[in-house]
Amino acid sequence: MATSCTERKNIQGHPCFGGNHHKNGRMHLAVAPRCNIQCGYCSRKHDCANESRPGVTSRLLTPAEAIEKVREVMASELLGPIIKVIGIAGPGDPLANEETFETFSLIDKEFPHLIKCMSTNGLLLPESIDRLNEIGLHSLTVTLNALDPAIGARIYRHINYHGQRYTGEEAARILIANQLEGIGRAEKFGMTVKVNTVYIPGVNEAEVPRIAERIKSLGAFVMNVMPLIPQANFADIEPPTPARLDEVRAANERIIGQFKHCRQCRADAVGLIGRDQLFANPACSK
């Protein structure tokens, strides 16, 4: 039975939603390699353990390997007591990979006490939200970088949606509409929603407060304004300074709560935020 908005799912202890991130940890499972959009700021790699940024993982896991890794971590004297959350955040988009649902189902059967969390671009969120509710997803992060399709067209190279490839404003319009619909439906199911917005100077700074207002009206719990990591199409753009980022977050805090200790985690992060234990590939020696 669907959870109503008055029956908020319990996320007590989630380090990204108000829990103590100095004591409570999370484990990301890199089971979702395929992505259905191409962001201009995204560079996905699967074999470099020394980088800490979204889209990076030492190796991809099958659902069977993922549940075995969870068993190993939960049995660890070091990590077992602190892991409160199992998340799937890539390295692609979780909703574009059936392995996401299979993995969460395995987690739900064996470790039902762990909070299930997912991060998505939101393109497939409206059509996937019922399945996510059925497997007991507690918390959801949606990356929303623009409300204006003209701005979105500068950020996204293309989307692949129901067998069609879209570009430009048409692509952005479809993506933004689905993101907003998905956020609203997730809140009605009792999921706690965080919205990530990548702050790209010269591109979407005017969109940031507009996004804050819109997601607040849809029932989002918190917003995470993330600094651009200069790479791919935006390799030549200077990221916002820490001082500027603080200014933007402070202004947005008048609208919606701000998540301020984000470390732009890898797709295979394990442990406390900023103090990850990596299952690294020793072949990467940069």
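The term pLDDT denotes the predictor's confidence in each residue, on a scale from 0 to 100. This tour concerns a predicted model, in which local features need pLDDT of at least 70 and side-chain atom pairs count only at pLDDT 80 or more, while totals for chains, interfaces and linings use all residues. Residues are numbered from 1 along each chain as its sequence is written, and side-chain values use heavy atoms, with hydrogens and water left out.

Colour the protein by confidence: the average pLDDT is 83, and 77% of the residues score at least 70. Then select residues 278-286, where pLDDT stays under 50 and the model has 20 contacts (heavy atoms within 4.5 Å) beyond four places in sequence. Where pLDDT is low, the predicted coordinates should not be read in detail.

Next, select helix H1 (residues 63-74) and helix H2 (residues 98-110), whose axes lie 9 Å apart and pack at an angle of about 35°. Helices here are DSSP runs (H or I, at least four residues), and strands are runs of E with at least two, numbered from the N terminus. Axes are lines fitted to C-alpha atoms over the stretch in contact, with angles from 0 to 180 degrees between N-to-C directions.

Show the side chains at this contact: H1 contributes Pro 63, Ala 66, Ile 67, Val 70 and Arg 71, and H2 contributes Glu 99, Glu 102, Thr 103, Leu 106, Ile 107 and Glu 110.

Finally, centre on Gln 258, in the loop between helix H7 (242-252) and strand S10 (270-272). The side chain of Gln 258 reaches the backbone oxygen of Ile 256 at 3.1 Å.

Terms used
A polar contact is a pair of N or O atoms within 3.5 Å; within protein, one must be able to donate a hydrogen and the other to accept it, and residues adjacent in sequence count only if both atoms are side-chain atoms.
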